[in-house]
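Welcome, and thank you for taking a look at this one with me. Please have the sequence and the model open side by side as you read.

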Amino acid sequence: MKKKIAALLIIIMVALTVWCVISYATDTNAVDLKNDATVNLVQIKDKQLETLQDYQDSYGDATYGFVAYILNIIRIYSIPFGFVGIAISGIYRYIIGIRKLDVRDKGFGAMIGIITAMVICQVLPLVFAIVVKGWRG
């Protein structure tokens with residue numbers, strides 16, 4: 001019974017994560033998008049190219065701007081994936097690991113790894129900006 005509940009929670013968490021990512025991608029556009037899928041894709045592409053150009057202008061170099069743009073995307077998408085990973089590892093640690101100690105240790109190790117990766121993904125754009133803008137001269 002616990003495994004079924006855990007599997008159901010995982011499916012719900014993944015569905016909510018996908019829904020949040022899709023709603024974030026569509027809600028950030030202030031323009032009312034038409035129902036035509038081609039127009040939507042072109043507008044999203046143009047907005048992303050404009051954002052990339054803003055990063056390149058801000059950093060003064062195409063390579064640094066592109067890296068900062070990619071790090072920002074990683075920063076944004078690491079949050080929902082991190083929460084899903086923490087939920088899955090919590091299920092391993094606290095639900096399945098009640099009777100199996102090796103699974104509990106696996107869940108704890110996975111939770112520590114996911115939290116560490118999530119913190120690195122959140123801090124890396126800041127470190128990159130400080131190094132490139134501050135020390136590049």
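1. Ground rules. This is a predicted model, in which local features need pLDDT of at least 70 and side-chain atom pairs count only at pLDDT 80 or more, while totals for chains, interfaces and linings use all residues. Residues are numbered from 1 along each chain as its sequence is written, and side-chain values use heavy atoms, with hydrogens and water left out.

2. Overall build. The chain has four helices and zero strands, giving the pattern α-α-α-α along the sequence. Helices here are DSSP runs of H or I with at least four residues, strands are runs of E with at least two, and both are numbered from the N terminus.

3. Contacts and cover. Take the contacts between residues at least 6 apart in sequence: 57% of them join residues at least 24 apart. Contact means heavy atoms within 4.5 Å. Of the 137 residues, 21% count as buried; that word means under 20% relative accessible area, exposed means over 50%, and partly exposed lies in between (1.4 Å probe, protein chains only).

4. Alanine 6. This residue sits in helix α1, which covers residues 2-27. Alanine 6 counts as buried because its relative accessibility is 4%.

5. Glutamine 56. Is glutamine 56 buried or exposed? With a relative accessible area of 19%, glutamine 56 is buried. It belongs to helix α2, and beyond its neighbours within four places in sequence it touches Asp61, Ala62, Gly65 and Phe66.

6. Patch members have over 30% relative accessible area and no salt bridge; like charges are joined within 9 Å, and nonpolar side chains (Val, Leu, Ile, Met, Phe, Trp, Tyr) within 5 Å. A salt bridge would be a side-chain nitrogen of Lys or Arg within 4 Å of a carboxyl oxygen of Asp or Glu. Aspartate 54 lies in helix α2, residues 37-59, and is partly exposed at 45% relative accessible area.

7. A nonpolar patch. Ile115, Val119, Val123, Val127, Val131 and Trp135 make up a nonpolar surface patch with about 550 Å² of accessible area together. Valine 127 is in helix α4, residues 101-135, and is partly exposed, at 40% relative accessible area.

Terms used
Areas by Shrake-Rupley, 256 points an atom, 1.4 Å probe, with all protein chains shown as cover.
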